[in-house]
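Biologist: Could you take one part of this model and go through it closely, with the charged side chains as the topic?

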Amino acid sequence: KTTFLAKMSHELRTPLNAIIGYSELSVEELEELPKSPETDEIIRYIQQINKSGFNLLTQINDILDISKIENGKVDLNITVFELKPLIEEILLEVQVLAVKKNNTLSFIPGKDVALLKGDRDKIRQILVNLVGNACKFTNGGEVKITAVDENSPNGHWAIISVSDNGIGIDSQDIEGLFEPYEQRGTSKRQREKGTGLGLAISKRLCQLHGGNITVES
């Protein structure tokens with residue numbers, strides 16, 4: 001199944017990229033024409049095509065990611081990098097979603113957590129998943145990122161948390177939350193579209209770093 005999904009995902013990305021590219025080009029050309037209600041309506045239709053294409057491409061990329069992880073084909077590019085600029089990038093990326101849901105975003109860094117050692121792109125991917133989920137299921141609330149350091153017998157770790165005051169998740173739904181293709185929770189939560197792979201990918205990327213991911217609600 002994993003091999004089939006990986007091959008099909010590669011095949012699907014080529015026409016999708018064409019749909020996204022030509023829809024963007026079409027909107028640019030239409031915006032140069034004289035304004036009219038008909039033109040504005042066509043632009044809205046094409047923008048919806050573009051948005052749907054991006055959503056589908058995101059889901060396909062998730063399938064490719066989990067396939068690579070399950071096949072052991074993900075290599076980490078370990079470097080030492082600053083945490084604060086990374087968090088600022090993430091907050092900027094999810095700002096549109098936060099504004100749409102009337103949420104505020106904040107980052108509270110621990111005084112001793114300035115540098116991290118790991119794969120910056122993979123850690124970014126984990127945090128974008130978590131912060132994006134928090135924004136999706138919170139309306140008119142706060143999404144907060146905190147970071148503290150922890151010395152333990154098995155090393156020196158950064159503990160990064162994403163918290164929100166959104167709808168939460170029932171205790172019985174927490175089991176299996178990080179398994180592939182699972183979408184657990186209330187009916188409100190189930191109405192959100194997606195592959196159900198974001199948290200599964202996040203957990204496996206944490207484990208590749210020797211770390212872990214947990215949830216409380």
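Modeller: In this predicted model, the side chains of Arg 120 and Glu 89 meet in a salt bridge, with 2.9 Å from N to O. This pair links distant parts of the chain, since Arg 120 lies in helix α4 (residues 120–136) and Glu 89 in helix α3 (residues 83–100), 31 residues apart. Arg 120 has a relative accessible area of 22% and is therefore partly exposed, and Glu 89, at 33% relative accessibility, also counts as partly exposed.

A salt bridge also joins the side chains of Arg 124 and Glu 93, where the N to O distance is 2.6 Å; here again distant parts of the chain are linked, with Arg 124 in helix α4 and Glu 93 in helix α3, 31 residues apart. Because its relative accessibility is 23%, Arg 124 counts as partly exposed, and Glu 93 falls into the partly exposed class at 42%. Taken together, Glu 89, Glu 93, Arg 120 and Arg 124 are linked in a network of salt bridges. Side chains of opposite charge can pair when their charged atoms come close.

A further salt bridge is formed by Lys 122 with Asp 119, whose closest N and O atoms are 3.8 Å apart. Asp 119 has a relative accessibility of 4%, so this residue counts as buried, given that buried means under 20% relative accessible area. In the whole structure, the search finds five salt bridges, among them the pair of Lys 122 and Asp 119.

Technical notes
Residues are numbered from 1 along each chain as its sequence is written. This is a predicted model: local features need pLDDT of at least 70, side-chain atom pairs count only at pLDDT 80 or more; totals for chains, interfaces and linings use all residues. Side-chain values use heavy atoms; hydrogens and water are left out. A salt bridge is a side-chain nitrogen of Lys or Arg within 4 Å of a carboxyl oxygen of Asp or Glu. Helices (H or I, at least four residues) and strands (E, at least two) are DSSP runs, numbered from the N terminus. Buried means under 20% relative accessible area, exposed over 50%, partly exposed in between (1.4 Å probe, protein chains only).
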